[in-house]
Amino acid sequence: QVQLVESGGGLVQAGDSLRLSCAASGRTFSAAAMGWFRQAPGKEREFVAAISGWSGSNTAYADLVKDRFTISRDNAKNTIYLKMNSLKPEDTAVYYCSGRRQELLVREEKAYEYWGQGTQVTVSS
């Protein structure tokens with residue numbers, strides 16, 4: 001079974017950048033769609049970004065982050081990344097890495113089978 005472990009969260013100031021990493025274990029990684037979701041206090045978990053395909057060229061972003069965040073993957077390292085630029089206090093949340101066996105790129109939380117434990121991102125104003 002695929003195991004996902006996030007890292008890279010922390011406390012930053014508004015306008016700063018941060019890169020999250022998600023290390024995946026399992027042979028399904030290369031063919032799976034991977035995604036980032038986030039959940040702020042008192043709010044529902046929401047879609048952030050997703051990536052699929054061997055080259056990682058198939059990507060999707062939530063409107064709130066598409067101009068600032070970049071998702072990428074390194075197949076050799078079985079790792080996906082979320083580069084976050086121009087962070088805002090509204091980005092404060094626990095960020096979760098997710099994965100699914102199918103390569104089809106989707107935004108729905110329920111479509112993702114595997115989940116990491118999350119990493120906290122806090123952006124101060």
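A residue is called buried when its relative accessible area is under 20%, exposed when that area is over 50%, and partly exposed in between, with a 1.4 Å probe and protein chains only. By this scale Cys-22 is buried, and Cys-97 is buried too; the latter has 0% relative accessibility. The model is a predicted one, in which local features need pLDDT of at least 70 and side-chain atom pairs count only at pLDDT 80 or more, while totals for chains, interfaces and linings use all residues. Residues are numbered from 1 along each chain as its sequence is written, and side-chain values use heavy atoms, with hydrogens and water left out.

**Disulfide**

Taking a disulfide as a pair of cysteine sulfur atoms within 2.5 Å, the count comes to one. This disulfide joins Cys-22 to Cys-97, with an S to S distance of 2.0 Å. Cys-22 belongs to strand β3 and Cys-97 to strand β9, so the pair ties together parts that are 75 residues apart in sequence. The torsion about the S-S bond of Cys-22 and Cys-97 is about -80°, and therefore the disulfide is left-handed.

**Sheet**

Strands here are DSSP runs (E, at least two residues), as helices are (H or I, at least four residues), numbered from the N terminus, and two strands pair if DSSP finds at least two bridges between them. Four strands form an open sheet in the order β1-β3-β8-β7, with antiparallel pairing. Because β1 and β7 stand at the edges, each with a single partner strand, one side of each is left without a neighbour in the sheet. Between β7 and β8, which run antiparallel, there are six bridges, and Arg-73 stands opposite Ile-80 in β8. Residue ranges of some of these strands are listed below.

| Strand | Residues |
|---|---|
| β1 | 3–7 |
| β3 | 18–25 |
| β7 | 69–74 |
| β8 | 79–84 |
| β9 | 93–100 |

**Largest pocket**

A pocket is an open set of points, on a 1 Å grid over the protein atoms alone, where a 1.4 Å probe fits and protein lies on both sides within 12 Å along at least five of seven lines; lining residues have an atom within 4 Å of a point. The largest pocket holds about 220 Å³ of space, the volume being that filled by probe spheres set on the points. It is lined by 13 residues, of which Arg-38, Lys-43, Glu-46, Leu-64 and Glu-90 are the closest to its centre. By class, this lining has eight charged, three nonpolar and two polar residues, where Asp, Glu, Lys and Arg count as charged, Ala, Val, Leu, Ile, Met, Phe, Trp, Tyr, Cys and Pro as nonpolar, and the others, Gly among them, as polar.
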